[in-house]
Amino acid sequence: MALTTRRDFMKTCAALAAVAAPDMRFPTAPRDRLAVASYPFRNLMDRPGHPGLKLMDFPAMVVDKFGVHNIEPLSGHFPSTEPGYLHELRTAVDKAHSHIVNIPADVGASFYDPDAAKREHAIAGGKRWIDVAVGVGSPSVRLHVQGARGTAPDVNHTAESLKQVAEYGAAHKIMVNLENDDLVTEDAFFLAKVIDAVGSPWLRGLPDFCNSMLKGDADFNYKAVEAMFQRAYNISHVKDSEVEGSKVFRVDVAKTFGIAKAAGYRGYFSMEWEGQGGPYEGTQKLLDESLKDLA
């Protein structure tokens, strides 16, 4: 009995060690490090009342149009998260010789809501998308940090919630990423505090090249991107501009790639075009710039 108990103990220790830290293998060829997000094509995607490009056909389209074999499908573009559909989507991705590198997902509640029940709802939403990531073979999810009415972003509550999600992600070998996607609820420096407070190698930053530029301060944007890349692991979003109303905010893409390199970032760069013009032309422009800067 003692021998069996020790054997079981050692197996448990080995299993815990295996998920203690991520060990993803990233490609080194510039084109192989690039991905195309479905978000820029949102107005063209199939949805109720608006027939369009089905998510199932997105991987093959990206390969055909752009010669890129990595995609980043938005959670809102999944017509279903039932196991049968996820299996079909994974099959379509494999058939296109493509890979899903991340899933940006909304969780339906705030991780820092003063109401503990609502925080539990957000935690459950995060875990659900981790399950989806397992089903389709994605190595990670990006979870949106939603605001809570009348409440300022709270590091302690957010960290407490995301610690549970990160532990669930670690158990399934799925990375959890946070993106500087909102100047208030997802301010880069707020997210940095949350990531540092959780202290898990399975909770990382997802640097977006241009979102923080919406503040209108280039110095702030580059410092924000630097803070995010210092905490990034496997995914970032490439943009050269953002449009808000009549204003166009632009960033120096080459400079931002330099920030990524200085931080030792080895993961994927996903094209999330948000500028003027159309998504096909905009995405191709970002791909061309990325290949030049990674050469």
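**Exercises on salt bridges and aromatic contacts**

A search of the whole structure, which is a predicted model, finds 15 salt bridges.

**Exercise 1.** Determine which parts of the chain the salt bridge between aspartate 106 and arginine 142 ties together, and classify the exposure of both residues.

*Solution.*
1. The side chains of aspartate 106 and arginine 142 meet at 3.7 Å, N to O, which is within the 4 Å cut-off for a salt bridge.
2. Aspartate 106 belongs to the loop between S4 and H4, and arginine 142 to strand S5 (residues 140-143), so the contact joins parts 36 residues apart in sequence.
3. Aspartate 106 has a relative accessible area of 43% and is therefore partly exposed.
4. Arginine 142 has a relative accessible area of 6% and is therefore buried.
5. The two residues also belong to a network of salt bridges with Glu179 and Asp181.

**Exercise 2.** Locate the partners of the salt bridge between arginine 119 and glutamate 160, and state whether each is buried or partly exposed.

*Solution.*
1. The N to O distance between these side chains is 3.8 Å.
2. Arginine 119 lies in helix H4 and glutamate 160 in helix H5 (residues 155-171), 41 residues apart.
3. Arginine 119 is at 10% relative accessibility; buried means under 20%, so arginine 119 counts as buried.
4. Glutamate 160, with a relative accessible area of 44%, is partly exposed.

**Exercise 3.** Carry out the corresponding analysis for lysine 239 and glutamate 272.

*Solution.*
1. The closest N and O atoms of this salt bridge are 3.3 Å apart.
2. Lysine 239 is in the loop between strand S8 (235-238) and strand S9 (241-244), while glutamate 272 is in the loop between strand S11 (268-271) and helix H9 (279-294), so parts 33 residues apart in sequence are tied together.
3. Lysine 239, at 1% relative accessibility, counts as buried.
4. Glutamate 272 is buried as well, its relative accessible area being 8%.

**Exercise 4.** Classify the geometry of the aromatic pair formed by tyrosine 112 and phenylalanine 190.

*Solution.*
1. The model contains 15 aromatic pairs.
2. In the pair of tyrosine 112 and phenylalanine 190, the centres are 6.4 Å apart and the planes stand at 85°.
3. Angles over 60 degrees count as edge-to-face, and this pair is edge-to-face.
4. Tyrosine 112 lies in the loop between strand S4 (103-105) and helix H4 (116-136), and phenylalanine 190 in helix H6 (residues 188-198), 78 residues apart.
5. Both residues, tyrosine 112 and phenylalanine 190, are buried.

Methods: Residues numbered from 1 in each chain as written. Predicted model: local features only at pLDDT ≥ 70, side-chain atom pairs only at ≥ 80, totals over all residues. Heavy atoms only, no water. Phe/Tyr/Trp six-rings, centres within 6.5 Å; stacked < 30°, edge-to-face > 60°. Helix = DSSP H or I, 4+ residues; strand = E, 2+ residues; numbered from the N terminus. Buried < 20%, exposed > 50% of the residue type's maximum accessible area, 1.4 Å probe, protein only.
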